Amino acid sequence: MAFNITLPRLMRIGAGAVRDLTEVLTSLGLSRPLIVTDRFLFDTGRAAMLQDAVAAAGLDARIFFDTVAEPTAASIESALAFLLEGDHDCVVGFGGGSPIDSAKAIAVLAVHGGRCRDYKAPHLQDMPGLPIIAIPTTAGTGSEATRFTIITDEVSDEKMLCAGLAYLPVAALIDFELTLTMPPRLTADTGIDALTHAMEAYVSRRANPFSDGFALSAMRAIAPNLRRVWADPGDRHAREAMMLGSTQAGIAFSNASVALVHGMSRPIGAHFHVPHGLSNAMLLPMVTAFSAPAALARYADCARAMAIAGDEESNQGAVGKLLEELERLNADLQVPSPAAYGIDPDKWFALLPLMAEQALASGSPGNNPAVPSVDQMVEIYRRAWAA
């Protein structure tokens, strides 16, 4: 059976790759980029360094830095208005998942118009917008290699999944040195996000031999290094492994899919403004326990790739060790439960049916080995409250 594979046209990977931006733009015939970033990267001068490097080569760049941590339709409209004031031929997403996701949405709306809501799944946007160049500064989202973006409708508190080839960057510059200053909480949350991408891509009903290879490789890179970068942010070897693993996990899920963890995680972010990686971490052990009986061999492979279980271990034993490791990882990286995070309990429990419906509507739970009912998702949310 044939399956479709999509990748960025060009990927530069390694220390110093960010310095190749001008060369990459020129090779693609682009000369007027809009650099989309966040306030932190602007205030620290890192975005200006990109702009200056482009300007030194005779190219014309402007910077938009008012992205928000979880992109909203309103923030995208503001950025789009800024883009339309200039004569830009491409969009450079510079930062974590939020600036890159924002860049993707801006690039599509700049050409095709409309509102973000017009593009939410099940709509598939394959007709291209402006070219996108992605430069990640975190090791987690994998957005530099995916054909997806996530935008929140702040009116309905819905995280909208937007999919299609239009969101796939034409080029990605993947420089682990950009992650050396990441604080521990961001390191942990983005790292668990990447691990979740790899695991869900591997157990997904849409997994294929191509995505499997990247998913397993990502798990091998992330599992032994996540605690290392949490404990020592300057560990260059571990940072490099995490960055490579994050990109491999992004390639894996872009060519397979994510599943129940992501489907249930997005409403937590939309309604309670929990960072995406952290909301994934809150759910990963419990959703894995729910899903594993339907794909025991696949989850056992995950345990072996993560070096939690040996080849001689039975599938049942390997999965048992995987569940123990996911609980232990959350404890070691100080992942709070929704209750410990400070979410209002009355609002949490009142919104569970709506959150479950929104999760189901995203389509991701349908890719899970065990496809849950709305009632089963509500029960998982209930158990996750103080887990």
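Predicted model: local features only at pLDDT ≥ 70, side-chain atom pairs only at ≥ 80, totals over all residues.
Local features need pLDDT of at least 70, side-chain atom pairs count only at pLDDT 80 or more, and totals for chains, interfaces and linings use all residues. Residues are numbered from 1 along each chain as its sequence is written, and side-chain values use heavy atoms, leaving out hydrogens and water.

**View 1. A nonpolar surface patch holds Phe3, Ile5 and Leu7.** Together they have about 230 Å² of accessible area (Shrake-Rupley method, 1.4 Å probe, only the protein chains shown counting as cover for residues). Ile5 lies in the segment before β1 (10-13). Strands are DSSP runs of E, at least two residues; helices are runs of H or I, at least four. Ile5 is partly exposed, because its relative accessible area is 33% (buried is under 20%, exposed over 50%, partly exposed in between).

**View 2. Ser254 sits in helix α9 (residues 236-254).** Ser254 is buried, with a relative accessible area of 0%. Residues that Ser254 touches include Thr6 and Phe148, not counting residues up to four places away in sequence. Contact means heavy atoms within 4.5 Å.

**View 3. The second largest pocket is lined by 13 residues.** Val18, Arg19, Met49, Leu50 and Leu178 lie nearest its centre. α3 gives the most to the lining, with five residues.

Conventions: Patch = residues over 30% accessible without salt bridge, like charges linked within 9 Å, V, L, I, M, F, W, Y side chains within 5 Å. Salt bridge = Lys/Arg side-chain N within 4 Å of Asp/Glu carboxyl O. Buried < 20%, exposed > 50% of the residue type's maximum accessible area, 1.4 Å probe, protein only. 1 Å grid on protein atoms, 1.4 Å probe; cavity = no way out; pocket = protein on both sides within 12 Å on 5 of 7 lines; lining within 4 Å.
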